[in-house]
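Let's take a walk through this structure together. Please have the view open and follow along as we go.

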Amino acid sequence: MAVTVEVPTVLRGLTEGQREVEGRGADLAAVIADIDVRHCGFSQRITDQAGLRKFVNVYLNDEDVRFLDGLRTSVADGDVVTILPAVAGG
Amino acid sequence: MRFGSLLRSVGNTPLVGLPHLSPTPDVRLWAKLEDRNPTGSVKDRPALAMIEQAESRGDLEPGDTILEPTSGNTGISLAMAAKLKGYHLVAVMPENTSRERTELLTMWGAQIIYSSPVGGSNEAVRLAKELAAQRPHWVMLYQYGNYANSRSHYEGTGPELLADLPEITHFVAGLGTTGTLMGAGRYLKEHKPGVRIVAAEPRYGELVYGLRNLDEGFVPELYDPDVLDSRVSVGPGDAIRRTRELLEGEGIFAGISTGAILHAALIVARRAIRAGESADIAFIVCDGGWKYLSTGAYTGTVEAAAEALEGQVWA
């Protein structure tokens with residue numbers, strides 16, 4: 001399964017400045033691990049032992065994965081994963 | 001309807017059906033017109049509630065200065081209430097918001113301290129906390145962690161929705177301070193088992209997310225993910241497209257964040273149709289479109305209008 005991962009500005013130091021990288025795997029955890037092979041440190045910036053880091057939001061096709069199956073959310077070919085820092089409004 | 005003063009007229013807003021945008025006779029959309037509040041936004045509810053809570057606790061006396069980080073609407077509501085009640089307001093607002101927000105704040109007598117455009121509202125929150133530490137006599141109401149914010153929706157928006165739409169199956173609102181969703185969402189979950197609470201979160205341009213470490217993100221203290229069933233990120237293109245559809249199809253002239261919420265509501269509607277379920281989906285119209293005319297959101301192509309919002313805190 002090849003998915004497109006949109007990389008936030010703060011993580012582009014790990015992706016040679018690329019805004020998007022491709023990852024492969026059956027679920028989100030596998031995709032992140034796959035990207036980490038080529039862009040070392042990627043996984044650690046997004047996840048910790050407990051799962052997704054508190055101030056990181058990850059969306060699969062615009063839906064927050066915390067309300068799907070978190071890192072175990074299945075992905076399919078052509079899906080788009082977006083990673084963003086948590087921000088406020090109001 | 002008769003009220004003793006403008007402040008007492010906050011809330012009890014109309015809920016209107018959307019016969020043209022509702023996708024089928026069994027999957028219906030309902031818009032709660034929060035633009036009918038005194039300053040034209042849903043924020044009149046939490047702003048008034050926070051001020052009156054502070055008054056009842058003895059934290060605010062006439063002549064005092066209120067400090068608040070805001071991307072605009074809460075500031076405008078606080079400015080109006082502060083003016084009527086005899087307080088000063090200092091609003092800390094990101095520089096990259098619409099021109100009208102500055103004009104309205106100034107008109108109601110607020111002083112504005114701009115925070116850096118890099119980092120959006122997170123930066124306004126950080127700067128306001130810094131100012132509060134330097135000036136302990138200023139009263140920061142702090143909408144992101146003040147339970148009077150969500151309580152105004154638990155006691156107002158939620159019960160109003162259930163009274164007007166007892167058959168409600170979904171509630172969709174914007175996620176900023178999280179106050180609307182936490183308050184109304186919690187009320188609905190307690191009183192209408194099975195109701196689904198859906199958040200529409202604006203997705204801004206890169207500038208707004210800042211260049212800091214991911215660990216310096218911000219989640220409002222009010223936020224409790226257990227209240228939500230789903231959270232959808234909506235970019236400016238979809239938000240503008242839906243804002244225009246709401247105007248075209250139903251005649252409702254709303255702000256851009258409402259377009260983002262309608263987008264999420266239509267996703268919910270599509271899923272209900274696919275599942276063969278009927279649905280009554282209520283969503284919040286946060287404010288009217290007046291404050292966003294200068295952004296170009298209502299004219300030209302959607303692409304150009306979305307482009308113009310790049311780098312802006314548009315919700």
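**Starting inside chain B**

Strand β2 (residues 27-33) of chain B pairs with β10(B) in the parallel sense, over seven bridges. Strands here are DSSP runs of E with at least two residues, helices are runs of H or I with at least four residues, and both are numbered from the N terminus. Two strands count as paired if DSSP finds at least two bridges between them. Within this pairing, W30(B) has A282(B) of β10(B) as its bridge partner. Strand β7 (residues 170-174) of chain B also pairs with β10(B) in the parallel sense, here over three bridges, and F171(B) stands opposite A282(B).

Before going further, a word on what you are looking at: this is a predicted model, in which local features need pLDDT of at least 70, side-chain atom pairs count only at pLDDT 80 or more, and totals for chains, interfaces and linings use all residues. Residues are numbered from 1 along each chain as its sequence is written, while chains are lettered from A and ligands numbered from 1 in the order in which they are written.

Back to β10(B): is this strand enclosed or open? Seven of the seven residues of β10 (residues 279-285) of chain B are buried, so the strand is largely enclosed by the rest of the structure. A residue is called buried if 20 or more other C-beta atoms lie within 10 Å of its own, exposed if 12 or fewer do, and partly exposed in between, with C-beta atoms placed from the backbone. A279(B), I281(B), F283(B) and V285(B) point one way from the strand, while D280(B), A282(B) and I284(B) point the other way.

Two of these residues, I281(B) and F283(B), are among those that touch the most other members of the largest nonpolar core, which has 123 residues. Such a core is a set of buried Ala, Val, Leu, Ile, Met, Phe, Trp, Tyr and Cys residues joined through C-beta atoms within 7 Å. Helix α9 (residues 256-274) of chain B gives the largest share of this core, 10 residues. If you centre the view on F283(B) and set aside its neighbours within four places in sequence, you will find it in contact with A31(B), V172(B), A173(B), I261(B), L262(B) and A265(B). Contact means that the C-beta atoms of two residues, placed from the backbone, lie within 7 Å.

Elsewhere in chain B there is an open sheet of four strands, with the order β5-β4-β3-β6 and parallel pairing. β5 (111-115) and β6 (139-140) of chain B stand at the edges with a single partner strand each, so one side of each is left without a neighbour in the sheet. Strand β3 (residues 65-69) of chain B pairs with β6(B) over two bridges, and I66(B) stands opposite V139(B) there.

Now zoom out to the whole of chain B, which has 10 helices and 10 strands. Its radius of gyration is 19 Å, close to the 20 Å that the globule rule gives for 315 residues, so chain B is as compact as a globular protein of that length. The radius is taken over C-alpha atoms, and the rule is 2.2 Å times the number of residues to the power 0.38. Buried residues make up 57% of chain B.

In helix α1 (residues 28-38) of chain A, the buried residues are L28(A), V31(A), I32(A), D34(A) and I35(A). Seen down the axis of α1(A), they fall within an arc of 160°, so they line one face of the helix; the arc is that of the directions from the helix axis to the C-beta atoms. Their cover includes β1 (2-6), β2 (20-24) and β7 (80-85) of chain A.

Finally, look at where the chains meet. The contact takes 35 residues from chain B and 22 residues from chain A. On the side of chain B, α4 (120-134), α7 (206-209) and β9 (230-234) each give two or more residues. S230(B), which lies in strand β9 of chain B, is buried, with 20 other C-beta atoms within 10 Å. Apart from neighbours within four places in sequence, S230(B) is in contact with E63(A), F67(A) and V198(B).
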